[in-house]
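Let's work through a few exercises together. Keep the picture in view and try each task before reading its solution.

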Amino acid sequence: MSEFDLAVERCTADIMEFFAKLNRLGTEQTTFEETPAMIDTFNDFRGAIENSVRRKTAAWLRPRNSLAPIHKLPVELIQHIFHLTLFASSGRRHRQYVAKLNVLRSVAWMWRDLIDRTPSFWTQLSSRDHIDFVSDALEKSQNYNLQLKYAGNCEDGGSSPFLEKAFVHLHRWEHVVIREPHGRLIESYLMSPAPRLKRFTFSTQLLLLVGDYPPSGIFFGGELGGLEEFRVVGLGNMDWTDFPCRRLKTLEIEGCSILDMETFFGILAENPELGILRIHSVTFHDHIHPSREPESLVLPRLTNFTFTNNTEMLGEEGMQTNDTPFLRLLQRVQIPACTSFWVEIGSLNTINTPSDEFFQVIPRPIDVFTRGGSGQTSKSNRPIVRMILHASQFECQAFGTPKSGFKYRVLLRSVPTDVGAEWARREFVDAWAETSEPEIHLQCFADEEGNTLDVMSDFANVVQLDAIGNFAPEQLAQRLETPVTSESGTLIGPFLGLRNLRLDYCYITGTDVLRMVKERFLRITNALRPGEPGAKGGTASVSLEEGITIIWGADMDRISRSIAREIRAAPGVKDLWLDPDSSLEDDGSSSCSSEESDWSPHFVISDDGPDTSSEDGVDHDEIGEWELQ
């Protein structure tokens, strides 16, 4: 036995001996019934020893750690490294912030002293932090401004140890997030002035404010003149008249039911520095037109505009429409600096807004992209546009790059397909004539006549097409294989730039697809090749050598292995991928490749771009992402 093993055995024997003495195991025989309790006691004893060893190890390592090369760096640089470890680029704390802070403090006495003497490391606190940590942080943060987040529920009652301790430092509150508080907490902690307050977020799923129509200045004694960000969710009965804020840069309202349109215009006029405006699920009251033509409002710094799922109550009958508020807003408010635009409208009843009027007031996508620095693009880095064509709905999302969040999003309900397609032609084809056109990823749902495919078949910048629904085999195949020509005879479709074709829930067989790709190559691809017989001078947005990748998607009929091989070998086809929901039908031939598809993720309407999850595990997302709805 090695010296190391002998030392372990001696230490173990000593531990057992001390445990036996503590529990008098040498004088009395433990009964069978007492054995489980004795084992639990020993486990507690062993755990206490492990904690003691960890503490002594840390004390032993600290002098050694203090000699590490990192300590030769300037103190300011070490502080910066710690800051990057604890906080995200946005300034908000990372997940496991408290654990990381404690780990850093336990490395060396120098690190502990440096962290304890840096107040900015202790200014972001959550109600989910241990109350002892909160007390310690409030002391170590000295006179620095505080960022506080309270996340509660109705079962908390009218008390909160976290808010009780933080309230003593009310004069230092700068950024406060309150979610799901008990009503009495508002009266106790949120009605006294906080002189340094700049950002305030309040959200609830319950109606908590006292009174029938409490004023918007009910918070912090109405002294909100220095507020720069105001986000409120769920206070449906709030009265917005006499709104006290004049320096807002961010305004987000969700779930309000009594906002008057003229009052809303007044709030915008009194806050010309607005940079973010997001209005969601708001019901506006009857709009009373002013006696004279109102002056237009210009918000020169507004870059982020969101207006979704809003309605207006019309007349005593309670009829609702969600076209009118948006049109009135953009007919009167100008947003010349907008770089992120999101709007959803559509009639809830028979009141319909002419589509021409809507398209006249919304900003042009190319202008939004140009302001955001994405107007001039190369072929290798073109914007991505995702479109959905449905018989009664048109949706468009435009992204600066495949991995970026959307810059432009429009959802129109109760709009004819051809109207949406014509607008898309103007804004994503014609408007980009002098630069590289965006790549269009098109989802097309079948209608009774199959016209949804026809309205955009001459778009050469459609590189991905997802055909969804009950397209009849001859209907779908014919539309993809039949040449589309202009009045002058130039070949312009269908989908000359197509690189990926996905089929979902379609009544089409592998044999139909094989015939279609062969016909398409002969009648369309060959016609684009210079010098080929029958060439008509059309233009494709991708290299002809790339070919088309076909994705056999969800709920499709099985395809035989032999047909799959023939499709892969057909001219003009790059590859065939099989969705996990589909499978090959064994026809006795040899097996074929089943590599993982490189098809981009199936487009989901709710996909808004990059993940915006919190950095500290406490759901720290901005209310503006509308994740509380």
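**Exercise 1: two helices**

Helix α9 passes α10 in a right-handed crossing (the near helix is turned clockwise from the far one by less than a right angle). This is a predicted model, where local features need pLDDT of at least 70 and side-chain atom pairs 80 or more, while totals for chains, interfaces and linings use all residues. Residues are numbered from 1 along each chain as its sequence is written, and side-chain values use heavy atoms, leaving out hydrogens and water.

Task: describe how α9 and α10 cross and which residues make the contact.

Step 1. The axes of α9 (residues 261–269) and α10 (residues 324–332) come within 12 Å and cross at roughly 35 degrees. Axes are lines fitted to C-alpha atoms over the stretch in contact, and angles run from 0 to 180 degrees between N-to-C directions. Helices are DSSP runs of H or I with at least four residues, strands runs of E with at least two.

Step 2. From α9, M261, E262, F264, F265 and L268 take part; from α10, P325, R328, L329 and R332 do. Contact means heavy atoms within 4.5 Å.

**Exercise 2: a loop residue**

Task: is S141 buried or exposed?

Step 1. Find S141 in the loop between α6 (131–140) and β2 (146–151).

Step 2. Its relative accessible area is 0%, so S141 is buried (under 20%, with exposed over 50% and partly exposed in between, using a 1.4 Å probe and protein chains only).

Step 3. Beyond neighbours within four places in sequence, S141 is in contact with P119, W122, T123, L146 and R172.
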